[in-house]
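Biologist: I would like to learn how to read a model like this one. Could you take me through it step by step?

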Amino acid sequence: MQARDIAVNVPTVTVTDPVTKAVRVMVVGRLPGLIVVDGGMRPRMVLSGTQVLRLAVPGSYQEDPALARTIDETYADRFWQELGDLTVGDCLPHRPAKPVTVPLEATLLEVAALMTRLGSPLVAVVDGSGVLAGAITLERLLTSLAIAAPGD
């Protein structure tokens, strides 16, 4: 099997989308992360769920756990909803990593090797022009491998 055989369409976000939208897209889509695309639907970044969460947690709380303990429970449960106009682009690292992508022809072993090497539960599948053709989640990859296993 190739990446094209198991890739599925997933919702994406852009750098101009609000962080709150990115979190909701990931949650509603039950995704292990998000693909950030440009205007031409080319992946700019592939973010794991923890990286998406990092977008939503103010840096001061990430850097100082003691500060996070001082916040009352009511606010602590809704902190991410008060991000205002912050966009995905506002919260990305200044030197973003190369997106986690494979071509349509990649084998499942190539996809698995990339996921393990980069620790990414989500891989963008791109066509020959670099345009997003779909995505493969860790769950989808493992399911495809388990179903294809001969002799079980």
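Predicted model: local features only at pLDDT ≥ 70, side-chain atom pairs only at ≥ 80, totals over all residues.

Biologist: What share of the residues count as buried?

Modeller: Buried means under 20% relative accessible area, exposed over 50%, and partly exposed in between, with a 1.4 Å probe and protein chains only. Here 37% of the 152 residues are buried. As for contacts (heavy atoms within 4.5 Å), 56% of those between residues at least 6 apart in sequence join residues at least 24 apart.

Biologist: Now the helix pairs. At what angle do α2 and α3 pack?

Modeller: Axes are lines fitted to C-alpha atoms, for helices over the stretch in contact, and angles run from 0 to 180 degrees between N-to-C directions. Helix α2 (residues 19-28) packs against helix α3 (residues 49-56) at about 150°, with the axes 9 Å apart. That makes α2 roughly antiparallel to α3, given that angles under 35 degrees count as roughly parallel, over 145 as roughly antiparallel, 65 to 115 as roughly perpendicular and the rest as oblique.

Biologist: And which hand does the crossing of α2 and α3 have?

Modeller: A crossing is left-handed if the near helix is turned anticlockwise from the far one by less than a right angle, and right-handed if clockwise. The crossing of α2 and α3 is left-handed.

Biologist: Which residues of α2 and α3 meet?

Modeller: Val19, Val23 and Met26 of α2 meet Gly49, Val52, Leu55 and Ala56 of α3. By class, this contact has six nonpolar, one polar and no charged residues; Ala, Val, Leu, Ile, Met, Phe, Trp, Tyr, Cys and Pro count as nonpolar, Asp, Glu, Lys and Arg as charged, and the others, Gly among them, as polar. An α-helix has 3.6 residues a turn, so residues three or four places apart point the same way. The buried residues of α2 are Val19, Thr20, Ala22, Val23, Val25 and Met26, and their cover includes β1, α3 and α7 (88-91). After α2 comes Arg30, with a positive phi near 50°.

Biologist: How do α8 and α9 pack?

Modeller: α8 and helix α9 (residues 138-148) pack at about 140°, with axes 11 Å apart. That makes α8 oblique to α9, and their crossing is left-handed. Leu108, Val111, Ala112 and Met115 in α8 meet Leu138, Leu141, Ser144 and Leu145 in α9. The residues of this contact divide into seven nonpolar, one polar and no charged.

Biologist: Which residues have the most contacts inside the largest nonpolar core?

Modeller: A nonpolar core is a set of buried Ala, Val, Leu, Ile, Met, Phe, Trp, Tyr and Cys residues joined through side-chain atoms within 4.5 Å. The largest one has 41 residues, and Leu34, Ile35, Val102, Val111, Ile136 and Leu141 have the most contacts inside it. Elements that each supply at least two residues of this core include α1 (3-6), β1 (33-37), α8 (108-118) and β5 (132-137). Not counting residues up to four places away in sequence, Ile136 touches residues including Ala3, Val111, Met115 and Leu141.

Biologist: Where is Val131 found?

Modeller: Val131 is in the loop between β4 and β5 and is partly exposed, at 22% relative accessibility. Beyond four places in sequence, its contacts include Gly40, Met41 and Arg42.

Definitions and conventions
Residues numbered from 1 in each chain as written. Heavy atoms only, no water. Helix = DSSP H or I, 4+ residues; strand = E, 2+ residues; numbered from the N terminus.
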